[in-house]
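Here is a short report for a first look at this structure.

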Amino acid sequence: MILTGLSQIAPDFFSFNQVIIMKALSIRNLTKTYGNGFTALHGIDLEVEDGDFFALLGPNGAGKSTAIGIICSLINLSAGTVRVFGHDLARQTEKVKQCIGMVPQEINFNQFETVQNIVLNQAGYYGIAYKEALIRAEKCLKHMHLWDQRHTVSRRLSGGMKRRVMIARALVHNPRLLILDEPTAGVDIEIRRSMWQLMREVNEQGTTIILTTHYLEEAESLCRNIAIIDKGTIIKHSKMADLLAQIKVNHFILDLAHRITKPPVVEGYEIVQLDSQTLQVGIPSEKGFNQLFSELTRQGISVMSMKNKSNRLESLFLDLVGG
Amino acid sequence: MRYRIALLTIVTKEVRRFMRIWPQTMLPPAITTALYFLIFGTLMGQRIGNISGASYMDYIVPGIILMSVISHSYANVVSSFYSTKFQRHIEELLVSPVPNWVILAGYVSGGVCRGLLVGTVVIGISLLFTTIPVIHLGLSCLVFLLTAILFALAGFINAVFADSFDDISIIPNFILTPLTYLGGVFYSVDMLPELWQKISLVNPILYIVNSFRYGLIGVTDIDITVALTMIISFIGALIVFSLYLLNKGVGIKQ
């Protein structure tokens, strides 16, 4: 109470953010209107805890990249405040930049440079002396499994390697906040899984991560907290577990051992026959599988295999954004 | 210290860029200027005779050296900074804690390095055709450097406004080249009608060429103090304008 009062009197010294809980990111009333009059962000508020692995989701054009662009000083804001580890973006821009590592959606390094030079140049921009930069570049490139390609001109790398170069580049100055804007877009599932592992390792070492992605399985697997943005407004901001707990019915596909002519009826479960050997079942969260399988067995129906109809978060996401 | 490292990083990157493509950056000016000296200096110069007491070859040497400095310092910055925007690796600098003055100083220094290097190559070529007395060494070096700075700045501004590759060739072709040829490289402004003499006074290249010519062979159409004041004023104005553009994020931020 006293601290809240002090924060109102002298926000720079007694800010709740700075003294009690150091937020990795604190956004207040962030608004962006482009030159053509289009408003991409309508006064959003967002907070990310230090050490968090945070998902920022939203459909295309929702305002994710605009928000990230503003945080990373790539886009000028129209109104509002952005604080990164207590530093105000408008007044302490260089301190904010020191804290952030950015991995953009599209490849944005010089494709005529070697992998090592890309990372070394970035270290130089952050004022890291060449000898130290060499040591850090080696560490980052080894971490991203790119050390063997360090002398390769970057345009010759595969898509997955190029994305890892951008992560290595973003990590070379040891940022406290790493922002990943769709880092696994367009890479195959094997590379995606290995990048998930890399991201987990980076987060476990204490780096706060904000991730935007269209792969909702990725967000569900990696992130502890989530915000969903749609049409420039935050429509959901909660713990991932709390959000997933809102799911009332989980849908599964059952492959049957034998053909059936009509769908079985089991009280309390929604069952739809997709074809003669496949059922779609809706299982309410408060009920389990046991009662369903007992009843199916009693009716002489054997289930050979079962899979999720869709990713759980995906269903919720589509409900929230009206998809 | 941090800014010095960032500046050195940009300059090293820029120098490495034009040295990597040295057949495109170093050879053409050597060949072009050798042809200028051969055709204008040796073949036509003998028929033109002396201007202001100097042989035509000696008269055009300072201007031709500066032509190469002008075009290459300009071309280096305009092509490099525009490519940086086009390929979006400008974002590497924008997300980093590099102040705008360091970005400007880094790119301009890269252009200056290329301009001076090409200028030195052209001086070497000119020595094959004539001897350069160098009357005022300090003044010559100063003008040589200021010319590279001025046109590297101009190239930077062109790149900031450019939205396409056409935009980075229009200014050099339709503005810079005419200004260079009308800046008294091949003739004395005293030879022009009075109206054109007055119009020529707004051309910065006139001041540069005359100062450099005075430094090398002791001949000028313009008062040297006025000329140096004009050159430094042009540089000051372009620095202020460039920093204004960077601070506003014109052409690089939305």
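What percentage of the 254 residues of chain B count as buried? The figure is 48%. A residue is buried if 20 or more other C-beta atoms lie within 10 Å of its own, exposed if 12 or fewer, and partly exposed in between, with C-beta atoms placed from the backbone.

This is a predicted model; local features need pLDDT of at least 70, side-chain atom pairs count only at pLDDT 80 or more, and totals for chains, interfaces and linings use all residues. Residues are numbered from 1 along each chain as its sequence is written, while chains are lettered from A and ligands numbered from 1 in the order in which they are written.

**Chain B overall**

Chain B has 11 helices and 2 strands. Helices (H or I, at least four residues) and strands (E, at least two) are DSSP runs, numbered from the N terminus. Their order from the N terminus is α-α-α-β-β-α-α-α-α-α-α-α-α. The radius of gyration of chain B is 19 Å, close to the 18 Å of the globule rule for 254 residues, so chain B is as compact as a globular protein of that length. That radius is taken over C-alpha atoms, and the rule is 2.2 Å times the number of residues to the power 0.38. Along the principal axes, the C-alpha atoms of chain B fill a box of roughly 60 × 40 × 35 Å.

**Where chain B touches chain A**

Here 20 residues of chain B are in contact with 25 residues of chain A. Contact means C-beta atoms, placed from the backbone, within 7 Å. On the chain B side, H1(B) gives the largest share, 5 residues. The table sorts the chain B side by class.

| Class | Residues of chain B |
|---|---|
| nonpolar | 8 residues |
| polar | 6 residues |

Ala, Val, Leu, Ile, Met, Phe, Trp, Tyr, Cys and Pro count as nonpolar, Asp, Glu, Lys and Arg as charged, and the others, Gly among them, as polar.

**A closer look at Ile208(B)**

Ile208(B) sits in helix H10 (residues 204–217) of chain B. Is Ile208(B) buried or exposed? Ile208(B) is buried, because 31 other C-beta atoms lie within 10 Å. Leaving aside neighbours within four places in sequence, Ile208(B) is in contact with Leu66(B), Val143(B), Thr147(B) and Ile231(B). Leu228(B) is 20 residues from Ile208(B) along the chain, yet their C-alpha atoms are separated by 7.9 Å.

Definitions and conventions: Contact = placed C-beta atoms within 7 Å.
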